[in-house]
Amino acid sequence: MAASLIQFRENFQAVHAELAKTVVGHATAIERLLVALFADGHVMLSGVPGLGRTLLVKALAKVLGLSASRIQFTPDLLPTDITGTEVLQESPDRRTRSFRFFKGPVFANLVLADEINRSPPRTQAALLEVMQERQVTVGGKKYPVPAPFLLVATQNSLETEGVFPLPEAEMDRFLMAIHLDYPSFDEEVGIVDAGTGVSAAQPSQVLTPEMLIEMQRVARLVPVVPSVKEYALTLVRNTRPSEGRETRGEGRVNSLLRWGASPRGGQALIAGGKVLACVRGRNYVTRQDIRDVALPALAHRVILSFRAGAQGIKMPDLVNRLITETNAQLAPPMKSQRWRDVLLASSRSGFPA
C-alpha cells in the first residue's frame, strides 16, 4: 500500500502540472478541484464570467481521458434536455410502436453544467437524482451513468443579471464549492498572451478512467482516527443554530447562521481530508487536513443570518472563526493516544499504518 500512496501522489502532481500548462493561475482552485475529484465528489465553481472555468473543466477531461459533455443552462432549458427523453418509434413493419429512450448529455464521465443558475429551479432539479444516485429514472426504468462520474457546475454571482438562486438541497450535493477570484497582474499577462498568441498550449492525457477509479479506491482506504473524526463532526455541528441555546452564545458562529451544515458536510470533510493525506504522503488524516478543506466543504452548506449580512461578515472569515472556536472546544490528543488511534483505525480499515 505504500507503493499505492507514492503512485497516488505522483499522479496527482502530474495532473496538476498538466493543467497548469493550459490554465494560467488559480493554483489553489485547481488543487481543490482535484481533491474533490479524487474524493469522488461533485464541484461547484463560482465567480464572475471570464475567469476560465469552462477552460479548466475541458482541460481536466482531456488530462484524465474522460468522456465529457457540456450543458449550457438557459431560462428555456427543459429537464429532458439534460437527462434525455423517450421517443415513440414505429417498428419497420409498422405493426407495433414502442418507446425508446435517447440519453441526454448527462451520460458522460465529466459533465459541465455551465452557468447552472441561469435556469429556473424546475430545470436545476433534474440533476438531483443523478448527482446523488448516479442514475436517471425515466418511464419507471433506471439508467446508470458511466463510472467515474463527476459533475462540475459553474454559477455566476447573484449580483449578475438573469440568475436564479440554487436550492439548498442541490447545493448540499456538491462535495466542494470553489470560488475563483480575479487573477494577479502577472497571471493576467499570461492569460492575455495565451488568448491572443499564435498557438495555445494543449493538455495531454496523464491518467485513464480506470486509474482514476483506483485512486478513488485508495483514498477511501485511508483511516481516520477517532480524535480527527470528532474534530470534523464538531466543526459541522457548530454551524447548526438548532444545537441548543447553551451553544448559541452571542459570539458563537452558529448565532450568525440561520442554516447549518448537514451530515454531508462531515462526509465532505473526511473525504477531502483523506485525499489530502494521500497527496501529502501520509496514510492517516490529521486535523490540519480537515482545516484545509473546511472552507470549500462547508461554505456553501450554511446560510448567513440577516444580522451577519448587515455586519458585512464574509464566509471565509466565518469559517476561520468556526475553526478557532472548534480548536478551543477540543483539546489536541496526546501523541501516544493519537498513534494508538492510528494503529487501531489501520487494523480495521485494511490500510497498513
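The structure is a predicted model, in which local features need a pLDDT of at least 70 and side-chain atom pairs count only at pLDDT 80 or more, whereas totals for chains, interfaces and linings use all residues. Residues are numbered from 1 along each chain as its sequence is written, and side-chain values use heavy atoms, with hydrogens and water left out. The protein has 15 helices and eleven strands, where helices (H or I, at least four residues) and strands (E, at least two) are DSSP runs numbered from the N terminus. Of its 353 residues, 47% count as buried; buried means under 20% relative accessible area, exposed over 50%, and partly exposed in between, with a 1.4 Å probe and protein chains only.

**Contacts and cores**

- Among contacts (heavy atoms within 4.5 Å) between residues at least 6 apart in sequence, 76% join residues at least 24 apart.
- The largest nonpolar core has 75 residues, and those with the most contacts inside it are Phe-8, Leu-19, Leu-34, Phe-38, Leu-269 and Ile-290; a nonpolar core is a set of buried Ala, Val, Leu, Ile, Met, Phe, Trp, Tyr and Cys residues joined through side-chain atoms within 4.5 Å.
- When its neighbours within four places in sequence are left aside, Phe-8 is in contact with Phe-38, Met-215, Val-218, Ala-219, Val-275, Cys-278 and Val-279.
- A second, separate core of 27 residues includes Phe-101, Tyr-143, Phe-149 and Leu-166.

**Packing of helix α10**

- Helix α10 (residues 226-237) and helix α11 (residues 263-279) have axes that come within 9 Å and cross at roughly 140°; axes are lines fitted to C-alpha atoms, for helices over the stretch in contact, and angles run from 0 to 180 degrees between N-to-C directions.
- That angle makes α10 oblique to α11, given that angles under 35 degrees count as roughly parallel, over 145 as roughly antiparallel, 65 to 115 as roughly perpendicular and the rest as oblique.
- The crossing of α10 and α11 is right-handed; a crossing is right-handed if the near helix is turned clockwise from the far one by less than a right angle, and left-handed if anticlockwise.
- On the α10 side of this contact are Lys-229, Ala-232, Leu-233, Leu-235 and Val-236, which meet Gly-265, Gly-266, Leu-269 and Ile-270 in α11.
- The residues of the contact of α10 with α11 divide into six nonpolar, two polar and one charged, where Ala, Val, Leu, Ile, Met, Phe, Trp, Tyr, Cys and Pro count as nonpolar, Asp, Glu, Lys and Arg as charged, and the others, Gly among them, as polar.
- Helix α14 (residues 315-329) packs with α10 at an angle of about 130°, with their axes 10 Å apart, and the two helices are therefore oblique to each other.
- α10 passes α14 in a right-handed crossing, in which Tyr-231, Thr-234 and Leu-235 of α10 meet Leu-322, Ile-323, Thr-326, Asn-327 and Gln-329 of α14.
- The contact of α10 with α14 has four nonpolar, four polar and no charged residues.

**Selected buried residues**

- Ala-36 has its place in helix α2 (residues 27-38) and is buried, with a relative accessible area of 0%.
- Not counting residues up to four places away in sequence, Ala-36 touches Gly-41, Val-43, Leu-175 and Met-176, and its C-alpha atom is separated by 8.2 Å from that of Val-275, 239 residues apart along the chain.
- Asp-172, found in the loop between α7 (168-171) and β9 (176-179), is buried, with a relative accessible area of 13%.
- Leaving aside neighbours within four places in sequence, Asp-172 is in contact with Ser-262, Arg-264 and Arg-301; Asp-172 and Arg-264 are 92 residues apart in sequence and 7.1 Å apart in space, C-alpha to C-alpha.
- Ser-305 lies in the loop between β11 (303-304) and α13 (306-310) and counts as buried at 13% relative accessibility.

**Backbone features**

- Most residues other than glycine have a negative phi, and most peptide bonds are trans.
- The peptide bond from Ala-147 to Pro-148 is cis, with omega near -5°, and Pro-148 is found in the loop between β7 (141-144) and β8 (150-155).
- His-26, in the loop between α1 (2-22) and α2, has a positive phi of about 60° although it is not a glycine, and counts as buried at 12% relative accessibility.
- Glu-115, in the loop between β5 (110-114) and α5 (121-124), has a positive phi of about 50°.
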